[in-house]
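Here's a quick tour of a few spots worth a look. Have the viewer open and follow along.

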Amino acid sequence: MIIYNVKVNKRLILKSVLLLMLIICITLGAIGIYNICKNINQNKEYNLIDDSIPSSEYALISKENYTNILQQVHNNIDTYVGQKIAFSGYVYRVKNFSDDQFVLARDMDIGNNQTLIVGFLCSCENISDYPSYTWINIKGEIIKGTYNNVDTPMIKVTSIEKTSKPENANVPLPDDEYVPTAVIY
């Protein structure tokens with residue numbers, strides 16, 4: 001039988017284990033930081049949300065969000081210039097409009113069985129083909145125009161087609177719950 005007498009230095013072992021754990025932690029931290037930096041450099045939009053609508057697509061304005069969008073575009077014209085939109089309404093004309101101008105209108109319920117005509121001022125070369133109160137679908141782009149020497153949003157119509165009046169065509173009052181953005185969804 002062989003007996004070895006080994007003296008264990010507990011302090012040295014503890015220091016060695018702690019040093020080894022520190023080296024492992026530093027290595028893992030460095031690898032993690034490297035991977036994060038690598039991902040950020042590969043994808044510059046790392047924490048950005050792409051909330052834009054591709055320029056070839058049109059944002060569809062519905063009956064439910066019509067007055068909210070109308071109000072936001074009127075309040076912040078410059079924000080929405082260039083936005084492409086599609087919606088329906090009826091042709092409404094005022095005496096002092098030029099031959100290519102009209103309002104694509106909807107009736108807004110204001111209570112007590114009363115309505116108010118609301119809508120976007122539009123510009124279209126062949127609008128004379130459509131009599132007043134004709135229901136149409138349009139596609140167009142928001143531009144900054146003037147009406148009675150006041151800056152106003154205007155829709156430059158790129159596509160127009162006749163449609164039928166929808167059931168319950170009236171639109172609601174704008175609400176306080178609407179959250180405006182830089183684009184129309």
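This is a predicted model: local features need pLDDT of at least 70, side-chain atom pairs count only at pLDDT 80 or more; totals for chains, interfaces and linings use all residues.

Which residues does asparagine 170 touch, leaving aside its neighbours within four places in sequence? Lys63, Asp107, Asp109 and Thr115 are in contact with asparagine 170. With aspartate 109 there is also a side-chain to side-chain polar contact of 2.9 Å. Then there's methionine 108: 62 residues separate methionine 108 from asparagine 170 in sequence, yet their C-alpha atoms are 5.5 Å apart.

## Serine 123 in strand E4

Next stop is strand E4, which covers residues 114-123 and holds serine 123. Is serine 123 buried or exposed? It's buried, because its relative accessible area is 18% and the label applies under 20%.

If you skip the neighbours within four places in sequence, serine 123 has Asp100, Met154, Ile155, Lys156 and Val157 as contacts.

Now over to helix H1 (residues 10-42), where you'll find isoleucine 13. With a relative accessible area of 46%, isoleucine 13 is partly exposed.

Isoleucine 13 is also one of the members of a nonpolar surface patch, together with Val8, Leu14, Val17, Leu18 and Met21. Taken together, the patch residues have about 560 Å² of accessible area.

How values were computed:
Residues are numbered from 1 along each chain as its sequence is written. Side-chain values use heavy atoms; hydrogens and water are left out. Patches are made of residues with over 30% relative accessible area and no salt bridge: like charges are joined within 9 Å, nonpolar side chains (Val, Leu, Ile, Met, Phe, Trp, Tyr) within 5 Å. Accessible areas come from the Shrake-Rupley method with a 1.4 Å probe; for residues, only the protein chains shown count as cover. A salt bridge is a side-chain nitrogen of Lys or Arg within 4 Å of a carboxyl oxygen of Asp or Glu. Helices (H or I, at least four residues) and strands (E, at least two) are DSSP runs, numbered from the N terminus. Buried means under 20% relative accessible area, exposed over 50%, partly exposed in between (1.4 Å probe, protein chains only). Contact means heavy atoms within 4.5 Å. A polar contact is a pair of N or O atoms within 3.5 Å; within protein, one must be able to donate a hydrogen and the other to accept it, and residues adjacent in sequence count only if both atoms are side-chain atoms.
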